[in-house]
Amino acid sequence: MASNDDPAQYAGTPPDAARPTEVRQRQRPPAPAPVAEAPTKPEKKVSGLERWMWAWPILVITSMAFFSQLAGVLGMVTAGVIVIAGLALFTSARNDGVPQQWLLPLALVACVLVGAAVIAGQFGLLSDKPAGALSSTRARDLPSAESLRTSPAPGASLVGIDLHEQNLRGARLHGASAAGASFEKAVLEDAKLAGADLRGANLQGARLSGADLRGVDFTGADLRNAVLTNTCLRGANFTGAAMNGLDASGAAVEDVVVPTGGIGTAKVWPTSASVVPTACPS
């Protein structure tokens, strides 16, 4: 009987089949499939405008200063809002929408810039007009110095008027509204200005000797080197006024509201009751 391992029984068969117990050569493992790379975003080119984004606050301030000369506070604020809105739209278009976390900072920056420019304009920092003189009122709508000197104008609206170096001697302007007006180096001797609103007005170097200034609101006004000798200042308000070099000798100052610092910077300020000036009605 033939042995189980007799080679004859496997004659004519392939070599691998001839040895069923023989371990066949192992096949090589398949190569790993290539990992698909994530598509790369094309690099965004920075435009020339984006390189100058740092300059937009300068553009805002400059435009607001320019339009303040043309249309006062309204023009200044409008210019600021338009420029900032244009910047926001440009940023949104370049970045597929403004990120939500930027909205509050952008709004705060816009408010701070517009508010700072308005305040600076009121103090004359963005304008060649006197402090507080920014107004949309045009000169053609305001009376001339000649008409104010010769004709009574009680309660007249003189907001933002420019009367620097003009002769207004004896003008009757009691109760006039002249906030932000310029009376720099003007002659207002013996003028009647009782109850007038002169907030933020420029009275630097003005001559008001003998004027009736009872109850005048000088809040924030520029009174540097002004001459208020023998005036009636009863009840006047000098809060925040610049009083460097002011001469108020012989003035009646009962019930005047004036900061201690202002008195200290004045050239002459009455320290005691003096003879009642003729400017005060008896």
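Predicted model: local features only at pLDDT ≥ 70, side-chain atom pairs only at ≥ 80, totals over all residues.
**Exercise 1: aromatic rings**

Work out how many aromatic pairs the chain has, and which residues link up into a cluster.

*Step 1.* Start with the rule: rings of Phe, Tyr and Trp (for Trp, its six-membered ring) pair if their centres lie within 6.5 Å, and planes under 30 degrees apart count as stacked, over 60 as edge-to-face and the rest as tilted. By this rule the count comes to two aromatic pairs.

*Step 2.* Take Phe218 and Phe238. Their ring centres are 4.9 Å apart and their planes sit at 20°, so this pair is stacked. Both residues lie in the loop between helix H5 (145-150) and H6, so the pair ties together parts that are 20 residues apart in sequence. Helices here are DSSP runs (H or I, at least four residues), strands are runs of E (at least two), and the numbering goes from the N terminus.

*Step 3.* Now check burial (buried is under 20% relative accessible area, exposed over 50%, partly exposed in between, with a 1.4 Å probe and protein chains only). Phe218 has 1% relative accessibility and counts as buried. Phe238 is buried too, at 0%.

*Step 4.* Phe238 also pairs with Trp269: the centres are 5.7 Å apart with 85° between the planes, which is edge-to-face. Phe238 is in the loop between H5 and H6 and Trp269 in the segment after H6, so this pair ties together parts that are 31 residues apart in sequence.

Residues are numbered from 1 along each chain as its sequence is written, and side-chain values use heavy atoms, with hydrogens and water left out.

**Exercise 2: the disulfide**

Find which residues the disulfide joins and describe its handedness.

*Step 1.* Look for a pair of cysteine sulfur atoms within 2.5 Å. That gives one disulfide.

*Step 2.* Cys232 is joined to Cys280, with an S to S distance of 2.1 Å. The torsion about their S-S bond is about 105°, so the disulfide is right-handed.

*Step 3.* Cys232 is in the loop between H5 and H6 and Cys280 in the segment after H6, so the link spans distant parts of the chain, 48 residues apart. Cys232 is buried at 0% relative accessible area, and Cys280 is buried at 6%.

**Exercise 3: around Asp212**

Decide whether Asp212 is buried or exposed, then list what Asp212 is in contact with.

*Step 1.* Asp212 lies in the loop between H5 and H6. At 6% relative accessibility, Asp212 counts as buried.

*Step 2.* Contact means heavy atoms within 4.5 Å. Skipping neighbours within four places in sequence, Asp212 is in contact with Ala191, Lys192, Leu193, Ala194, Cys232 and Ala279.

**Exercise 4: salt bridges**

Count the salt bridges, then find which residues are joined into one network.

*Step 1.* The rule is a side-chain nitrogen of Lys or Arg within 4 Å of a carboxyl oxygen of Asp or Glu. By this rule there are seven salt bridges.

*Step 2.* Glu189 forms a salt bridge with Arg169, the closest N and O atoms being 2.3 Å apart. Both lie in the loop between H5 and H6, so the pair ties together parts that are 20 residues apart in sequence. Glu189 is buried at 14%, whereas Arg169 is partly exposed at 40%.

*Step 3.* Glu189 also forms a salt bridge with Arg207, and here the closest N and O atoms are 3.4 Å apart. Arg207 counts as partly exposed, at 37% relative accessibility.

*Step 4.* Asp222 forms a salt bridge with Arg224, with the closest N and O atoms 2.7 Å apart. Asp222 is buried at 12%, and Arg224 is partly exposed at 34%.

*Step 5.* Look for shared partners: the salt bridges join Arg169, Glu189 and Arg207 into one network.
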